[in-house]
Amino acid sequence: MSQIKDIVNRQREYFYSGETAGISFRLNALKTLDKTIRAHEQEIFEALKKDLNKAPFETYMTEIGIILDEIRYMSKNIKSWCRNRKVKTPLSHFKSTSYIISEPYGVVLVMSPWNYPFQLTIAPLLGAIAGGNCVILKPSEYSVHTSRLLSRIIGESFDERHITVLEGGTEVNRQLLQESFDYIFFTGSASVGRIVMEAAAKQLIPVTLELGGKSPCIVDRDAKVDIAARRIIWGKCLNSGQTCVAPDYLYVHREVKKELIEAMKRYITEFYGEDPCNNGEYPRIINERHFNRLRTLMDRGTILAGGNVNTGTLQISPTIIDHVTWEDPVMQEEIFGPVLPVLEYDSISEVTAEINRHPKPLALYLFTKNRPVEEEVLRNVSFGGGCVNDTIIHLASSHLPFGGAGASGIGGYHGKWSFDTFTRQKSILKKSTLFDIKLRYAPYGNKLKLL
Ligand code: NAD
C-alpha cells in the first residue's frame, strides 16, 4: 500500500473513532496550534525570509497575525457553531421536532500555494479543525523552507492520524487526487483548479476552489487621490505583488491620472527607497520562471516608474506602465508581480462594461467619495470581494467571507464561513410515536378529497 493511501486510511479510521468531533478536542487542537505558532514565530520569520525575502513585520502582518486572530475568534465561537440548530416543522408533520446537525466531512485535503505559504495552509486548517475533521495538508514545493517548517512543527504537535503535512512536488498532488477524500480545499491558479475539480468530480468529492484572476483597482475623479496612491502602492507591493487579491491593474479617471501617478511614484520611493531592488525588506519573486515571465510583461507600454530588476536577488522594482491595451500580454494574464498597468477612463459605465467583458475578478477596489459611483460599481460588477477606499484588507476580517466569483473561485471561508465550509448540514426530523395519522398510507381510495 502506498504511503499516501496508508495515511488516508489511518486518518479515516481515526475519524470514525469519533475523537476529532468532540468540542473539547477541537478547542484543544486550536490551542495547540496557537501555542505552536507562537513558539516557532522566529523560525516562521526565517523561512519566509528565505522563500520570499519577506520582512518579519510583513510576515507577521500577512501570515501570522491574521491566523492568531482567527484562532481567537473561532475558539470563542466554536461551541455555539457546533450546537444543533432547531428549526420549525410544517404542521403536516405533526407531531415532530426538526433540527440541523453540522457534521464534519471526515478526511479532508488542503492544497495550498507558495505566495502566502504559511497563512494559506493554516487558515483552511483552522476551519477543518473547527469542523471536526482529519486533515492532510499539501503545501507548495516552491516555498520549500516554509513547507519543511510546517511539516516539522505540525508533525511535532499533532497526531498524524489527525493532521499530517505531506511535502513534495506535483506528483504527490496527483497521487493525493486519486484518493477518496471527503472534501478538497484548493488554493492556487485557475488552471490547476480545473485539474483538481476534474479529479474530484470523478469521485463526487465536494470542493472549495480559491483561485486568482485580474483584480481591477478603480480611482474615480472624486477620490482622495493621495490616500488612494498610498493604499494602492501598499497593496500592490505587498509580497512584491504576489498576492491573489493584489490590485492587478489600475483604471483611473482621466482628470486625476497625472496627480495619482505622481503620488504613487512618491510613495514607492518613500516605502522602498530609490533602489527597491537592493532593499532588504522588499520581497523577491519566487523563482526564475516567474521572474522572467514578469520581465517580458514589461516589454510593452511606457514605463513611468521602476522597470529595474536584480537578477541576483530576483527582485523587480515596483513598476507603473502607461499606454497599455487589453491586447498587451500584461492585460491578458494575472500579473502576480509588482507591475501595475494603467488604463484611463472618462465615464464609470465604460469601466464596468469592460470589466464585465472579462472573467469575474477575485477582488475589486474602488476609490471614490461619490455615493452613486460606488453604488453603480458594486451593483453592476460581480466579483469575489473587495474594498471601497482601500486594498487587500477585506480578507483580514473574520466577519467577512473570503472567496471568488465565477473563474476566480467556488466557495468561501474565514470566520464562521470556514466552519460552514468544513461541515455539512445534516437535517433531522424527529417524529413522535405517541400516535400515527393514517392519511398518507395506502390504500388511497378517495383520500385526495381530504387534502
Ligand atoms: P498553482 O496552481 O501552480 O499551485 C497551487 C498548488 O497546486 C500547489 O500546492 C502545487 O503543488 C499544486 N499543483 C501545481 N500543479 C499541479 C498539477 N498539475 N496537479 C496537481 N497539483 C498541482 O498556484 P501557485 O502558482 O502556487 O499560486 C498562484 C496562483 O494562486 C495565482 O493564480 C493566485 O491568484 C492564486 N491564489 C489564490 C488565492 C486565493 O485565496 N484565492 C490565494 C493565493 C494564490
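Predicted model: local features only at pLDDT ≥ 70, side-chain atom pairs only at ≥ 80, totals over all residues.
## Two helices side by side

Helix α4 covers residues 56–82 and helix α5 residues 119–130; they pack at an angle of about 10°, with axes 9 Å apart. For that figure, axes are lines fitted to C-alpha atoms, for helices over the stretch in contact, and angles run from 0 to 180 degrees between N-to-C directions. Helices (H or I, at least four residues) and strands (E, at least two) are DSSP runs, numbered from the N terminus.

On the α4 side, the contact uses Thr 62, Glu 63, Ile 66, Ile 67, Glu 70, Ile 71, Met 74 and Ile 78, and these meet Gln 119, Ile 122, Ala 123, Leu 126 and Ala 130 of α5. Contact here means that the C-beta atoms of two residues, placed from the backbone, lie within 7 Å. Sorted by type, the residues of this contact are nine nonpolar, two polar and two charged. In that sorting, Ala, Val, Leu, Ile, Met, Phe, Trp, Tyr, Cys and Pro count as nonpolar, Asp, Glu, Lys and Arg as charged, and the others, Gly among them, as polar.

Residues are numbered from 1 along each chain as its sequence is written.

The mean pLDDT (the predictor's confidence in each residue, from 0 to 100) is 97 for the protein, and 100% of its residues reach 70 or more. For the complex, the predictor gives an ipTM of 0.95 and a pTM of 0.96.

## The three-stranded sheet

Three strands make an open sheet in the order β1-β2-β18, with antiparallel pairing (two strands pair if DSSP finds at least two bridges between them). The edges are β1 (85–87) and β18 (423–431); each has a single partner strand, so one side of each is left without a neighbour in the sheet. From one strand to the next, the twist averages 30°.

Strand β2 (residues 96–104) is joined to β18 by nine bridges. Pro 104 stands opposite Thr 423 in β18.

## Two β-α-β units

Strand β6 (residues 183–187), helix α8 (residues 190–202) and β7 build a right-handed β-α-β unit. Right-handed means that, with the strands pointing away from the viewer, the path from the first strand over the helix to the second runs clockwise. Four bridges hold β6 and β7 (residues 207–210) in a parallel pair, with Thr 187 opposite Glu 210. β7 also pairs antiparallel with β17 (residues 409–410) through two bridges; there, Leu 209 sits opposite Ile 410.

The other unit, also right-handed, is made of β15, helix α13 (residues 371–380) and β16. Strands β15 (residues 363–367) and β16 (residues 385–388) run parallel, joined by four bridges, and Tyr 365 stands opposite Cys 387.

Most residues other than glycine have a negative phi, and most peptide bonds are trans. Here, the bond from Phe 94 to Lys 95 is cis, with omega near 5°; Lys 95 is in the loop between β1 and β2. Another cis bond joins Ala 442 and Pro 443, with omega about 0°, and Pro 443 lies in the segment after β18.

His 323 has a positive phi, near 55°. You'll find His 323 in the loop between β13 (319–322) and β14 (339–345).
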